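Here is a short report for a reader meeting this structure for the first time. Look at the fold, then read on.

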Amino acid sequence: MDNEDIAQYLAANLQKLRKQRNLSQDKLAEQAEMPRSTITHMESGDGNPSLANLCKIASALSVSIEELLSRPRRECTLLKAEQVPVVKKSAGRVKVHKLMPDRLRGIEIDRLEISAGSSMGGKPHLPGTKEYLVSLDGEVTVSVEGEQHCVYAGDILAFPGDQKHAYRNTGKTTAVALSVVLPLPYPT
């Protein structure tokens with residue numbers, strides 16, 4: 001990726017994010033405390049913004065600098081079942097299906113399949129995250145900082161995602177659950 005690509009990514013992302021928030025260039029410039037002409041140059045792909053200006057824009061739009069500079073995401077992405085990445089853990093007795101085609105800092109959505117009697121340690125997520133575990137089938141006991149929570153089909157357990165935690169299938173059949181990790185408070 002060269003500087004021209006980055007400038008084009010910035011231009012596309014900035015326009016899209018500004019329009020999603022119903023902001024004019026003037027209003028965004030006011031919120032970012034910079035001249036409107038700076039926004040105009042960035043959106044044209046001709047600007048060469050300073051790090052300070054990127055920080056101001058990112059803050060005004062409540063996004064990371066990475067989101068401003070990364071390749072623009074497609075509006076729609078269809079992953080066929082066979083394309084969904086699957087990570088096997090615990091000697092293959094736990095399958096973690098990575099359900100987010102887009103990489104967003106601090107956000108994860110995974111489908112867990114845990115064989116009967118199997119367990120998996122969970123790594124603490126970014127500070128300030130919250131994890132929501134939804135049991136779809138079977139029972140999963142989640143240990144959070146030593147406290148045990150049994151989550152049955154249809155139950156939802158919300159817990160601090162930045163704490164030490166682990167999952168264990170305490171039932172007699174394969175347990176299936178969704179894990180959703182979000183940074184809180186989530187920007188609106």
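At what angle do α2 and α4 pack, and how far apart are their axes?

## Two helices that cross

α2 and α4 pack at an angle of about 110 degrees, and their axes are 8 Å apart. Axes here are lines fitted to C-alpha atoms, for helices over the stretch in contact, and angles run from 0 to 180 degrees between N-to-C directions. α2 is therefore roughly perpendicular to α4, a label for angles of 65 to 115 degrees. Helices (H or I, at least four residues) and strands (E, at least two) are DSSP runs, numbered from the N terminus.

Which residues meet? On the α2 side they are L28, Q31 and A32. On the α4 side they are K56, I57, A60 and L61. Contact means heavy atoms within 4.5 Å. By class, this contact has 5 nonpolar, 1 polar and 1 charged residues. Ala, Val, Leu, Ile, Met, Phe, Trp, Tyr, Cys and Pro count as nonpolar; Asp, Glu, Lys and Arg count as charged; the others, Gly among them, are polar.

## How the values were made

This is a predicted model, in which local features need pLDDT of at least 70, side-chain atom pairs count only at pLDDT 80 or more, and totals for chains, interfaces and linings use all residues. Residues are numbered from 1 along each chain as its sequence is written, and side-chain values use heavy atoms, with hydrogens and water left out.

The largest nonpolar core has 16 residues. Those with the most contacts inside it are L14, L28, I39, I57, L61 and L68. Four helices each supply at least two of its residues: α1 (3-20), α2 (25-32), α3 (36-44) and α4 (51-61). α4 gives the most, with 4 residues. A second, separate core has 15 residues, including I114, V144, L157 and Y167. A nonpolar core is a set of buried Ala, Val, Leu, Ile, Met, Phe, Trp, Tyr and Cys residues joined through side-chain atoms within 4.5 Å. Buried means under 20% relative accessible area, exposed over 50%, and partly exposed in between (1.4 Å probe, protein chains only).

Take L68 from the largest core. Beyond its neighbours within four places in sequence, L68 is in contact with Y9, L10, N13, L17, L54, I57, A58, L61 and V63. In soluble globular proteins, nonpolar side chains tend to be buried together.

## Two loops with positive phi

A91 sits in the loop between β1 (86-89) and β2 (94-98). Its phi is near 55 degrees, a positive value in a residue other than glycine. A91 is exposed, at 82% relative accessible area.

E145 lies in the loop between β6 (139-144) and β7 (147-152). Phi of E145 is near 50 degrees, also positive in a non-glycine residue. E145 is exposed, with a relative accessible area of 52%.

## Contacts across the sequence

P85 lies in the loop between α5 (65-69) and β1. P85 is partly exposed, at 41% relative accessibility. P85 and H97 are 12 residues apart in sequence, and their C-alpha atoms are 5.9 Å apart. Leaving out residues up to four places away in sequence, P85 touches V96, H97 and K98.

A158 lies in strand β8 (residues 156-160). A158 is partly exposed, at 39%. With residues up to four places away not counted, A158 touches K130, E131 and Y132.

## Cysteines

How many disulfides does a search of the whole structure find? It finds 0 disulfides, each being a pair of cysteine sulfur atoms within 2.5 Å. C76 is exposed, at 67% relative accessible area. C150 is partly exposed, at 33%.

Conventions. Angles under 35 degrees count as roughly parallel, over 145 as roughly antiparallel, 65 to 115 as roughly perpendicular and the rest as oblique.
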